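Here are my notes on the model you sent over. Have it open while you read, and go through the points in order.

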Amino acid sequence: MPARLSKFSFDAPCMDYAHPWTDSCVSATTGLGLHSLQESFRIYATVYIIAFLMRRKKPTKEDVKKTILGILQSTAFLSWSGFSYSLFICLLRRTLGRFYMPTVSFLPSFLSSLSAIVIERASRRTLLCLYVSNVATETLFRMGVWRGYYSPIPRGQVYIFAVSVAVLLYFFRSKTNKQDQIYKIFRMIVGKYEDTEYLTKKDSEISRNTASGGEMSDRSIRRSSARHKFNILWKSFEAYKYIINSLKAQSKDVSCPHPHSCAHYILADSAKIFSYCVGGQIALKLILQFNRLLQKPKLLKSTIFQKGNLNFAVFLGGFAGLYRLVSCMLRRTFHEDSHLYAIPAGLIASVTFLAYPDTTIALYFMWKTLQLLWNDAVENEKVPDVKWFSILLYCFSTALLFHTAILEPQNLRSSYWRFLYTQSGGRIAVMSRTQLDVFGLETSKHLQAVLRKTKTTDQLTFSF
């Protein structure tokens with residue numbers, strides 16, 4: 001439990017709190033801005049280049065130009081956010097004559113976020129809002145737990161994920177105009193045949209395509225097996241094709257929209273997703289630990305065969321298979337398809353989230369659900385369209401995170417603390433918390449605990 005609030009303000013020059021490494025507000029603001037500019041460019045250059053390469057198409061001059069402009073615009077947004085944060089702290093101190101609890105971090109961050117977000121592209125503002133709102137929601141919950149207002153619910157993130165994904169899948173099955181990125185994710189996981197456009201296809205057309213495809217596969221196998229009679233590799237491939245074709249030949253209900261049997265529909269794609277996830281997890285770990293593996297090659301085996309490499313694959317592959325299993329069972333039971341099946345299928349499939357109960361994923365789906373519910377209410381004219389809502393939510397969420405980083409760092413997610421630490425060049429840790437102890441939150445003590453936990457330090461010097 002925190003101590004009671006003892007004071008609401010304190011009188012001190014900027015140097016005693018905001019920038020103890022220099023007595024000049026201009027120098028401190030400039031230094032933070034320049035370092036933020038450098039880090040912002042590194043972050044967004046990496047993000048945009050990776051996104052550019054993943055398009056898998058021959059780039060045009062226009063594509064290259066848009067990528068470069070996007071890097072510069074996003075860099076300007078993030079670097080200005082850091083620069084203006086320090087600027088507003090000092091401006092508010094000079095204007096009001098002393099520091100108040102809201103002006104220590106919350107209000108400067110809100111103003112800096114508001115002035116920075118208008119620089120960023122409009123298409124990226126909602127995505128940024130979802131991300132910081134995600135982290136801010138977790139932070140608010142931690143603040144409440146720390147104050148003793150409530151206790152954590154065991155596996156609470158699983159419940160959040162289950163309800164959220166059930167609503168999203170209902171929209172996926174029932175809506176025809178789906179432009180949001182979340183629907184592309186569902187298309188990859190639960191399959192394109194669960195999409196609305198496939199529900200109107202005639203089963204006879206699908207059956208004709210299935211039959212012709214199966215005959216071609218059988219003829220191809222017979223011809224090839226004759227040529228490769230004693231080839232073990234080919235025999236393995238032939239056995240695999242036989243199993244797949246046997247699965248395809250199993251029964252399905254007339255209401256099922258997928259082309260082959262239910263058994264093939266459930267097992268084949270879920271196994272494919274599982275294998276992709278395992279391969280992706282291993283590849284990512286090998287890339288991130290490349291330098292370490294060069295120094296200690298013996299760690300390669302333990303890195304590849306870590307049990308944790310399977311958790312995400314079990315969750316995603318299991319979710320895909322379980323969702324399809326429940327959907328097909330409901331179609332077989334009632335001999336008709338319905339978008340309402342997405343709700344029980346989504347809830348039951350969410351059991352697999354126990355294998356990878358990630359809070360970030362759960363909160364992302366929660367906020368995405370709230371966003372789409374709000375958009376649907378606006379489309380149906382049930383609520384007014386608030387043009388600046390996402391911007392104001394972004395500013396509030398960012399201000400809350402900066403407030404927590406300064407006054408209650410123990411309640412901030414460690415990954416976000418490291419981001420702020422890197423983005424500021426360590427200045428977020430060097431800002432003196434001694435003056436803030438008058439608020440009764442024991443800030444300086446908790447800062448030292450966070451520094452030890454995150455392996456960061458406040459023993460840094462700056463030229464300006």
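Which residues lie nearest the centre of the largest pocket?

1. Tyr44, Val47, Arg124, Leu127 and Leu128 do, out of 50 residues that line the largest pocket. Before going further: this is a predicted model, where local features need pLDDT of at least 70 and side-chain atom pairs count only at pLDDT 80 or more, while totals for chains, interfaces and linings use all residues. Residues are numbered from 1 along each chain as its sequence is written, and side-chain values use heavy atoms, with hydrogens and water left out.

2. A word on how pockets are found. On a 1 Å grid over the protein atoms alone, a pocket is an open set of points where a 1.4 Å probe fits, with protein on both sides within 12 Å along at least five of seven lines; lining residues have an atom within 4 Å of a point. Grid points are joined across faces, edges and corners, and a volume is the space filled by probe spheres set on the points.

3. The elements giving two or more residues to the lining of the largest pocket are helix 2 (25-53), helix 3 (61-96), helix 6 (122-146), helix 8 (181-189), helix 16 (359-379), helix 17 (389-407), helix 18 (414-423) and helix 19 (427-430). Helix 2 gives the most, with 11 residues. Helices here are DSSP runs (H or I, at least four residues), as are strands (E, at least two), numbered from the N terminus. The lining divides into 29 nonpolar, 14 polar and seven charged residues, with Ala, Val, Leu, Ile, Met, Phe, Trp, Tyr, Cys and Pro counted as nonpolar, Asp, Glu, Lys and Arg as charged, and the others, Gly among them, as polar.

4. The second largest pocket has a volume of about 650 Å³. Its lining has 20 residues, and Ile185, Ile189, Cys277, Phe312 and Leu316 lie nearest its centre. Helix 11 (262-288) is one of the elements giving two or more residues to this lining, and helix 11 gives the most, with six. By class, the lining has 16 nonpolar, two polar and two charged residues.

5. Which residues of helix 8 are buried? Ile182, Tyr183, Phe186 and Ile189 are, where buried means under 20% relative accessible area, exposed over 50% and partly exposed in between (1.4 Å probe, protein chains only). Seen down the axis of helix 8, these buried residues fall within an arc of 120°, so they line one face of the helix; the arc is that of the directions from the helix axis to the C-beta atoms. Gln181 and Met188, on the other side of helix 8, are exposed. The cover over the buried residues of helix 8 includes helix 7, helix 11, helix 14 and helix 16.

6. On to the packing. The largest nonpolar core has 59 residues, and Tyr17, Ile406 and Trp417 touch the most other members. Helix 17 gives the most to this core, with 10 residues. Such a core is a set of buried Ala, Val, Leu, Ile, Met, Phe, Trp, Tyr and Cys residues joined through side-chain atoms within 4.5 Å. Another core lies apart from it, with 33 residues, among them Val158, Val165, Cys277 and Tyr341.

7. Tyr416 lies in helix 18 and counts as buried at 4% relative accessibility. Leaving aside neighbours within four places in sequence, Tyr416 is in contact (heavy atoms within 4.5 Å) with Tyr131, Val135, Leu401 and Phe402. Ala362, in helix 16, counts as buried at 1%. The C-alpha atoms of Ala362 and Gln157 are separated by 5.6 Å, though these residues are 205 apart along the chain.

8. Finally, look at the backbone in two loops. Most residues other than glycine have a negative phi. His335, in the loop between helix 14 and helix 15, has a positive phi near 55° and is exposed, with a relative accessible area of 54%. Glu381 has a positive phi of about 60°; Glu381 sits in the loop between helix 16 and helix 17 and is exposed at 73%.
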